[in-house]
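Me: I would like to go through this structure by question and answer, starting with the overall fold and ending with single residues.

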Amino acid sequence: MKVYIVAAMAVAGAMLSGCVSTIPIDYSPSSTLTAAGAVQVGNFRYLPAITGKMKPNQIHNTAMGDVLLDKNIDVYFRNALFTELRFVGVKVGTGDKTLTGEIRDFNIDDLGYSVDWTLDVDYKVTDASGKTLFEADKTTKNHTAKFINAIGALGLQVKGNIEALIQDPNFIQAIN
């Protein structure tokens, strides 16, 4: 029996040691909110990558190993935002207003028996002249069990942050 346990642990160790690959990920819109307005979605900057703390496709996590996506975080988030805004009814890609932002933090605190997710994004809407019409920081936090569908939880975290933006009446006013 002892031999089987040691063999199983060796196989598990070998499998887990190769877990530093990238995670393929796509975003599927799922908000039940509705909104009106028109905006172009510009660039989003992933500040932890710009400062050199993270790789452009890396989400900060507290446990061992790296969480690397197959897309850069700024591209993934911008695409998710574009898709979700269009899904809720905003005319995306039209108008003279542009939505840009900075992803200040994307953190997975996965030490212990549960996971705390944090996403902090600073959004900004400008008009054609560059005048700021709206600026707000949206920080969303979620708590999940340790061994859940991590891709689904990541999508829910992104959706929650985007919904916080959509629910801000000042944002809706700025894009109308």
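**Fold and contacts**

Reply: The model is predicted. Among contacts between residues at least 6 apart in sequence, 69% join residues at least 24 apart.

Me: How many helices and strands does the protein have, and what pattern do they follow along the sequence?

Reply: There are 5 helices and 8 strands. Read along the sequence, the pattern is α-β-β-α-β-β-α-β-β-β-β-α-α.

Me: What percentage of the residues count as buried?

Reply: A residue is buried when its relative accessible area is under 20%. Applied to the 176 residues of the protein, this gives a buried share of 39%.

Me: Which residue of S6 stands opposite Phe44?

Reply: Strand S2 covers residues 38-46. S2 and S6 run parallel and are joined by 5 bridges. Opposite Phe44, the S6 residue is Gly101.

Me: What is the bridge partner of Val39 in S5?

Reply: S2 pairs with strand S5 (residues 91-92) in the parallel sense, over 2 bridges. In S5, the partner of Val39 is Val92.

Me: Which element gives the largest share of the largest nonpolar core?

Reply: This core has 41 residues, and those with the most contacts inside it include Phe44, Phe77, Leu81 and Val158. The elements that give two or more residues to it are S2, S4, H3, S6, S7, S8, H4 and H5. The largest share, 7 residues, comes from H3.

Me: Why does the distance between the end C-alpha atoms of H4 agree with its number of residues?

Reply: Helix H4 has 17 residues, 150-166. The expected span is 1.5 Å times one less than that number, so H4 should span 24 Å. The distance between its end C-alpha atoms agrees, at 24 Å.

Me: Which backbone nitrogen does a side-chain oxygen of Asn149 reach at the start of H4?

Reply: A polar contact needs N or O atoms within 3.5 Å. Here the oxygen comes to within 3.1 Å of the backbone nitrogen of Ile151.

Me: With which residues is Val158 in contact, leaving aside its neighbours within four places in sequence?

Reply: Val158 is one of the buried residues of H4. The buried residues of H4 pack against elements including H3, S6 and S7. For Val158, the contacts are Tyr27, Tyr76, Phe77, Ala80, Phe106 and Leu119.

Terms used. Residues are numbered from 1 along each chain as its sequence is written. This is a predicted model: local features need pLDDT of at least 70, side-chain atom pairs count only at pLDDT 80 or more; totals for chains, interfaces and linings use all residues. Side-chain values use heavy atoms; hydrogens and water are left out. Helices (H or I, at least four residues) and strands (E, at least two) are DSSP runs, numbered from the N terminus. Buried means under 20% relative accessible area, exposed over 50%, partly exposed in between (1.4 Å probe, protein chains only). Contact means heavy atoms within 4.5 Å. A polar contact is a pair of N or O atoms within 3.5 Å; within protein, one must be able to donate a hydrogen and the other to accept it, and residues adjacent in sequence count only if both atoms are side-chain atoms. Two strands pair if DSSP finds at least two bridges between them. A nonpolar core is a set of buried Ala, Val, Leu, Ile, Met, Phe, Trp, Tyr and Cys residues joined through side-chain atoms within 4.5 Å.
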